[in-house]
Amino acid sequence: RSTPLYSSAASDVYKRQLEDYKQKKSRLILEPAEVLSDFNRALIEQKLEKHLTIFYGVIDLERNQLSYSNGGQFPFPILHDGVKASYIGEKSYPIGLFSQASYTGASLSLPEHFCLLICSDGLLELMDHPTMVEKEAELLSLVDTLDLSTEQFISRVGIDETKTELPDDVTVLLIQR
């Protein structure tokens, strides 16, 4: 089977959950650990022997709260709270590999202004440091301000989109408030 079928399993689950939420039938989409469990079941049932990694978070802007769950995402997301940057999340199973996998939900209070960076592990392959510990420390040090733009971050990592050969996919999501 091809990748489109693999990605459509999670997509179909998400679309159903979103539609149920819009119709006020269910609030499941607001429960990150439950969403990841549903994604995992859908991929396992399709027997594709593929997996995905995902950090699923819901930001409640009224309560300044982030509810999240990690499905094998590495490196962990980085949150800059206006004082310092730190990793959030914990090690967990990827989605679609293990039927017995369980996902835990967590939440944290967000300050009025914050910067949240989520990136794929392909970014780590571009870093020159010899150890993962050094790469993680460098990545953390690059998120040193609330005013960081995606373009600034990519430049700090040393990626020139016109010249840099990418060994793997590189995905960057930056959320600021």
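Modeller: Asn64 counts as buried, because its relative accessibility is 18% and buried means under 20% relative accessible area, with a 1.4 Å probe and protein chains only. This is a predicted model, where local features need pLDDT of at least 70, side-chain atom pairs count only at pLDDT 80 or more, and totals for chains, interfaces and linings use all residues. Residues are numbered from 1 along each chain as its sequence is written, and side-chain values use heavy atoms, leaving out hydrogens and water.

Colleague: Where does Asn64 lie?

Modeller: In the loop between strand S1 (54-60) and strand S2 (65-71). Strands here are DSSP runs of E, at least two residues; helices are runs of H or I, at least four; both are numbered from the N terminus.

Colleague: And which residues does Asn64 touch?

Modeller: Leu108, Ser109, Leu110, Glu112 and Arg177, leaving aside residues up to four places away in sequence. Contact means heavy atoms within 4.5 Å.

Colleague: Zooming out, how many helices and strands does the protein have?

Modeller: Five helices and seven strands. Along the sequence the pattern reads α-α-β-β-β-β-β-β-α-α-α-β.

Colleague: What share of the residues is buried?

Modeller: 38% of the 177.

Technical notes
Buried means under 20% relative accessible area, exposed over 50%, partly exposed in between (1.4 Å probe, protein chains only).
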